[in-house]
Number of protein chains: 2
Amino acid sequence: MFSIGTINLEILQKNAYNLRWATVPEGVIPLTAADPDYPCAPEITESIIKYAKDRYFSYGPTEGQPFFKEAMACYFNNKRNIPASAAFILPVDSAAFGIDVVCRAQLEKGDEAIVFDPVDFLFKYAIEKNGAIAKSCPISTDPSDYFDITKLQSLVSPRTKMICLCNPLNPIGKVFKRSELQAIGEFAIEHDLTILSDEIWSEITFKPFEFVSIASLDEKIRERTILVTGFSKSHGLAGLRIGAIAAFDPNHYKSIVEASFHESTIHGSNVLSQVAATAALNQSEYWLTAFKEHLHSIRDLTINGLNAINGFSCHFPQGCYLAFVNIKETGLDSATLYKQLYEVGKVAVVPGLVKWFGKGAEGYIRISFATSHEIMAEALERINNSINQIH
Amino acid sequence: MFSIGTINLEILQKNAYNLRWATVPEGVIPLTAADPDYPCAPEITESIIKYAKDRYFSYGPTEGQPFFKEAMACYFNNKRNIPASAAFILPVDSAAFGIDVVCRAQLEKGDEAIVFDPVDFLFKYAIEKNGAIAKSCPISTDPSDYFDITKLQSLVSPRTKMICLCNPLNPIGKVFKRSELQAIGEFAIEHDLTILSDEIWSEITFKPFEFVSIASLDEKIRERTILVTGFSKSHGLAGLRIGAIAAFDPNHYKSIVEASFHESTIHGSNVLSQVAATAALNQSEYWLTAFKEHLHSIRDLTINGLNAINGFSCHFPQGCYLAFVNIKETGLDSATLYKQLYEVGKVAVVPGLVKWFGKGAEGYIRISFATSHEIMAEALERINNSINQIH
């Protein structure tokens, strides 16, 4: 299911935007946005076709289709050991919007929220969009380094209202250990903080690492957690714009529904995308297992290949299909290296700019490896050759 | 195509939310939300199936799929006589979101915008959501009354930045005449106002009335117009959440893209919905023509039936599949009459509450007639019987 023959480059070149195949000149390999090159599970398409054949696309319910809310609740209960209730799950137009909604619901102007650094830009962006202030907590780019909770202490003020957790952590690929999560949870209790847990990468982990949700730990931590997830990384459904927010405190849920603007129909969750996401949850587990096996073997190819390149060093990610490469030894900054790889190597990567990942990303590039062995081998050879031309 | 046999009540009872079949108890006829009871054009479903079969739902482009932007531009040029450019058309997640985006792009805190009264609540809601102030201009509930531009003069202050036009006007069914639009356009020029033209109902007009877009009049008016439209009223695609904003001033377009939050992926337009909307524009004109013919005959049945009821009076709408019924002669306010019709008559209507349509709607109820003759005849009989029980 995950060989080069399964990838339809013609379709990708026509349809895969967001820094991918449809946005680079022919001949360039885009290892940029975290969006798989493989077609989605056939069950997802079949469910879309089945629903579409009735030819009714009327308004869905404000708080989401009951079948999708139930499927999400079952998933959280059975696979994540989280006693979630369908009544407090809100389907939303992407996990990114979910993060924005939680920030709007939880933060007032001048409030503060803690984010790790490096981490994907969306936390900081959504916090600031809603008039609040993001306080950065540096975290090691080695995913196996234990996260020291004492680093958080100095960041807390009377205005601190929330801590934002991205687990597994994009871009460093860290899967938080149960004990690390327990410490973060207790810290949140101690300072009366909401925990925004972005778990969009939770399906993408590599053995022996296993994902644990902070919402599964205990009730005191869970009730202050708001969980956001989506289907773009695990199932390739970014273009269908579907995610979900799960709350465990009825007041959180109420404020989230209000902040979503679903009641006014200004926002809402696409009915067909909820059908697709339900099939992803209920019918495509076998596909996800195979996808993860493929990702595991391509991770090893990718990281070993990158570490063999002059001046590159890279830890094995525990989760996420991302390599976060330290390129400091090349003597180039990430923007210059990006340019060299793009222009000479014909490979597009994401430079570790402050605006994408925070200050802690400078001197790094990010590479997405959700592609085939053949494409990755070719990309690695091109990267190696273009780096050798510098030295 | 538009007989009782075409309506699949079983599917509607399962899927049609937003005050419709899936949200009323069995036995109640919902004439509430403006959402058709008929399945959509088969070409729309076929286009969804064709796209879905490739099994790629990757991110679409931030500013929308080129094929949809082109289809919208052709539609504006060929059917609306508006020289629109695909480069300045932004596909968005519903016309409602489009209105919100335009308000955010154009209005600052404390700015003022003029809205008609009665009109659908979304203008006022979006204006206030973005920190600005809505100033109401009363308009006659008789759609054939000529709109007197002098009524607008007293509403203008140095903070007035925008005038919001809903054409055809929900709930009164007025299709603005060319000369009325010309006067509104000149008023906007005189006071340097942006014109937000909500044209979501533009496909639903009844002969001899013909829709004219204010953006088709002349360049000076067009360049200050921002047009919003969607596919829920004309093609029954509310659940697919797809609309579009067209700008004619590059600076407007730039500010709209920024205000849409598409760049950050917090919002975006569903790829499959853009495929569906393209089929609606390019392949289902015959379906729309037949739908309008059906609506014309059911309009006459509905309005004649309503006018035969004690204490009801109702003008023939020129556009929209809505009857806006004056119920003042019944001696009941709209909330009480709503209750009587719902509990005794088992018919759900929209009461003319300030929160839905403004002050000018008190003493009115709104009825949507995008259903079959049989269902409407039954509803009219029930309404008549329950009104007779009062007298």
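## Model and numbering

The model is predicted; local features need pLDDT of at least 70 and side-chain atom pairs count only at pLDDT 80 or more, while totals for chains, interfaces and linings use all residues. Residues are numbered from 1 along each chain as its sequence is written, and chains are lettered from A and ligands numbered from 1 in the order in which they are written.

## Sheet

Chain B has an open sheet of seven strands with mixed pairing, in the order β2-β8-β7-β6-β5-β3-β4. Strands (E, at least two residues) and helices (H or I, at least four) are DSSP runs numbered from the N terminus; two strands pair if DSSP finds at least two bridges between them. The edge strands of chain B, β2 (89-92) and β4 (133-138), each pair on one side only.

Strands β6 (residues 194-198) and β7 (residues 225-230) of chain B run parallel and are joined by four bridges. B:Ser197 stands opposite B:Leu227 of β7(B).

## Helices on the sheet

In chain B, helix α4 (residues 95-106) lies across β2, β5 (160-166), β6, β7 and β8 (243-247), at about 160° to β7(B). Angles run from 0 to 180 degrees between N-to-C directions, with axes fitted to C-alpha atoms, for helices over the stretch in contact. Residues are in contact if their C-beta atoms, placed from the backbone, lie within 7 Å.

## Helix pair

The axes of α3 (residues 66-80) and α11 (residues 271-283) of chain B come within 9 Å and cross at roughly 30°. That makes α3(B) roughly parallel to α11(B) (angles under 35 degrees).

Key: Parallel < 35°, antiparallel > 145°, perpendicular 65-115°, else oblique. Contact = placed C-beta atoms within 7 Å.
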